Amino acid sequence: MAKKYLIWDLPLRLFHWVLVLTILGAWYTSDQDNDLIDYHLIFGYVALGLMLFRILWGFIGTTHAKFKHFIPTPNKLINYIKNKNEQQSVTYPGHNPLGSLMVVFMLVIILLQAISGLFMNDDIFTSGPYYGEVTGSLEKVITFFHRNSFNVILAAIALHILAIIFYKIVKKKALVTSMITGKKSSEEVSEKDAIKHSKIIIAIITAIAVAAFVYWLVIINAPVIEEYY
């Protein structure tokens, strides 16, 4: 039996699966006819907190979670795409160059989706805590983006799932399993690639700080909306 090494830390794995549930929840509660739109706002705030945590974790987290260790340079990305032999022979303990770009894209698009929700106003069911704080023309742009970018997120998720299936069937690599256990076998990685621990204490402190900031942003600091009848 091949030996297994810890590659993905626990905070990163929790982030990944909580994000999955958050996206599902945001999608389900986005239908204004189901009277769950207030929960949609909550899922949006959770998504914002998750994105902020992941960005911070990209600087203070474990080796393979850090941006500097997996975001590829343009030359590295081009060589990876052009050189099919390299794709077969080179083993990446974390994300490969294309996978890294998908991670960055998902972080950016979900972050923008969550931020745009803060300024949303549909004039009927609900509004974000900062609606009215931007000009009317900018609000229209933000509203258009928020209503349509989720389709881009869904398309990216579909592509991600297809990649997982491809790796499972063709390359015989269980990406889902490694994101659950955090470990990869010695056939995929070497002992020097392993991380020693998951930096749990630092992750807890970071998560608390992010949660406090999001609460301040959407509850304490949010402007009071005066309604006139």
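In this predicted model, helix H2 and helix H6 (residues 97-118) pack at an angle of about 140 degrees, their axes sitting 9 Å apart. Axes here are lines fitted to C-alpha atoms, for helices over the stretch in contact, and angles run from 0 to 180 degrees between N-to-C directions. Helices (H or I, at least four residues) are DSSP runs, numbered from the N terminus. That angle makes H2 oblique to H6; under 35 degrees would be roughly parallel, over 145 roughly antiparallel and 65 to 115 roughly perpendicular, with the rest oblique. H2 goes past H6 in a left-handed crossing (near helix turned anticlockwise from the far one by less than a right angle; clockwise is right-handed).

On the H2 side, Gly44, Tyr45, Ala47, Leu48, Met51, Arg54 and Ile55 meet Leu107, Ile110, Leu111, Ala114, Ile115 and Leu118 of H6, contact being heavy atoms within 4.5 Å. By class, these residues split into 11 nonpolar, one polar and one charged (Ala, Val, Leu, Ile, Met, Phe, Trp, Tyr, Cys and Pro are nonpolar, Asp, Glu, Lys and Arg charged, and the others, Gly among them, polar).

Then there is H9. H2 (residues 37-60) and H9 (residues 200-220) pack at about 140 degrees, with axes 9 Å apart, and are therefore oblique to each other. This time the crossing is right-handed. The H2 residues in the contact include Leu52, Phe53 and Trp57, and those of H9 include Thr206, Val210 and Phe213. The tally for H2 with H9 is 15 nonpolar, two polar and no charged residues.

As for bookkeeping, residues are numbered from 1 along each chain as its sequence is written. Local features need pLDDT of at least 70, side-chain atom pairs count only at pLDDT 80 or more, totals for chains, interfaces and linings use all residues, and side-chain values use heavy atoms, leaving out hydrogens and water.

Technical notes:
Helix = DSSP H or I, 4+ residues; strand = E, 2+ residues; numbered from the N terminus.
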